[in-house]
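Hi,

Here is the structure I said I would pass on to you. Have a look at it first, then read my notes below.

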Amino acid sequence: MQRRNNPQLRLAAATATVALVLAACGDDGAEPVAQPGDSIPTPDTTVPATDAPSDDALEHPTGADEVVVEIGYEGGFMPVDGVFTQLPLLLVAGDGSQYVQGPQIEIYPGPLLPNVQVSDIGEDGIQSLLDLAAEHGLLTEREYDAPDNVADAPDTVVTIHANGETYVHRAYALGIGGLDGSAETGDRGELQAFVEAATAGQLEGERRFEPDTFLVRATPVDDLSAYEVEPTVLDWPADVTLALADAGDCAEVPAAEVAEMFADANQLTFYVDGDVTYQISVKPELPGSGC
């Protein structure tokens with residue numbers, strides 16, 4: 001590249017040199033100008049940690065198996081097996097893991113296992129969610145009136161663990177009709193707004209959740225002739241540590257023993273264990289859950 005002789009650049013350089021000399025000589029209290037050969041102090045280039053919570057951050061549980069926020073439904077008109085397999089709409093654990101229900105294929109019989117998705121929202125995501133809860137007044141105790149014009153609806157339940165407290169918000173038939181059939185208002189409106197904002201766009205996570213443990217409920221079945229689709233009947237593997245007779249209400253089984261078998265099964269896959277045929281319901285063990 002050809003270097004050009006620019007008089008304006010030479011004039012600017014000379015002016016800067018004069019100003020530097022005058023500044024050094026005109027102020028006895030000023031620090032001396034560094035001269036050739038002087039050591040130059042190393043600037044502090046430390047970058048503040050971005051993951052550390054700010055002074056106004058809300059405290060919360062931090063363990064991977066501890067719940068910070070959980071949103072789900074309880075009750076309503078459904079069979080016992082449906083109650084057992086019901087999962088949170090949204091669950092955020094203390095390590096920033098977020099669990100949601102992913103899309104499920106609409107066939108009958110459907111897969112035995114639900115499609116639970118997990119992603120990492122980090123500390124920033126947790127704080128945003130807690131700020132949203134505070135904005136809607138959910139970091140306080142509240143009681144919610146119930147409409148009397150709706151039957152067999154579930155409760156919407158929001159549980160929040162923050163600042164050493166646990167806040168449980170339970171509202172019957174939330175969003176279905178309001179107390180007089182109109183839109184939700186007041187405290188019910190605030191709760192519904194939080195649920196909608198917290199779950200907006202949360203239908204899928206980054207990956208399918210692979211649990212360490214499954215929760216199983218087994219019900220003996222005597223007659224398989226009533227099903228329109230012929231069930232599949234398999235022997236319960238002898239090397240599985242769980243006996244289905246011990247899973248009448250709920251039992252835990254290591255995923256390493258049954259994950260592949262459950263992934264291949266559907267809702268009409270039955271198992272014979274000890275000369276008894278069982279229909280099983282299965283869900284992954286999530287943070288804060290268990291038998």
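R170 touches E74, Y144, D155, T156 and V157, leaving aside residues up to four places away in sequence; contact here means heavy atoms within 4.5 Å. You'll find R170 in strand β6 (residues 165–172). Strands (E, at least two residues) and helices (H or I, at least four) are DSSP runs, numbered from the N terminus. One of those partners, D155, sits 15 residues from R170 along the chain, with 6.2 Å between their C-alpha atoms. R170 counts as partly exposed, because its relative accessibility is 38%. For that scale, buried means under 20% relative accessible area, exposed over 50%, and partly exposed in between (1.4 Å probe, protein chains only).

Before you go further: this is a predicted model, where local features need pLDDT of at least 70 and side-chain atom pairs count only at pLDDT 80 or more, while totals for chains, interfaces and linings use all residues. Residues are numbered from 1 along each chain as its sequence is written, and side-chain values use heavy atoms, with hydrogens and water left out.

Next, the cysteines. A disulfide is a covalent bond between the sulfur atoms of two cysteines. The rule used here asks for a pair of cysteine sulfur atoms within 2.5 Å, and it gives one disulfide. That one joins C250 and C291, with the sulfur atoms 1.8 Å apart. The two cysteines are 41 residues apart and link distant parts of the chain: C250 is in the loop between β9 (232–235) and β10 (251–254), and C291 is in the segment after β12 (276–284). The torsion about their S-S bond is about -60 degrees, so the disulfide is left-handed. C250 is partly exposed at 25% relative accessibility, whereas C291 is exposed at 52%.

The loop between β9 and β10 also holds P237. P237 is partly exposed too, with a relative accessible area of 25%. Its C-alpha atom is 9.0 Å from that of Y271, which is 34 residues away along the chain.

Last, a helix pair. How do α3 and α4 cross? The axes of α3 (residues 122–135) and α4 (residues 186–199) come within 9 Å and cross at roughly 160 degrees. That makes α3 roughly antiparallel to α4, a label for angles over 145 degrees. Axes are lines fitted to C-alpha atoms over the stretch in contact, and angles run from 0 to 180 degrees between N-to-C directions. At this contact, L129, L132 and A133 in α3 meet F194, A197 and A198 in α4.

Cheers

Key
Parallel < 35°, antiparallel > 145°, perpendicular 65-115°, else oblique.
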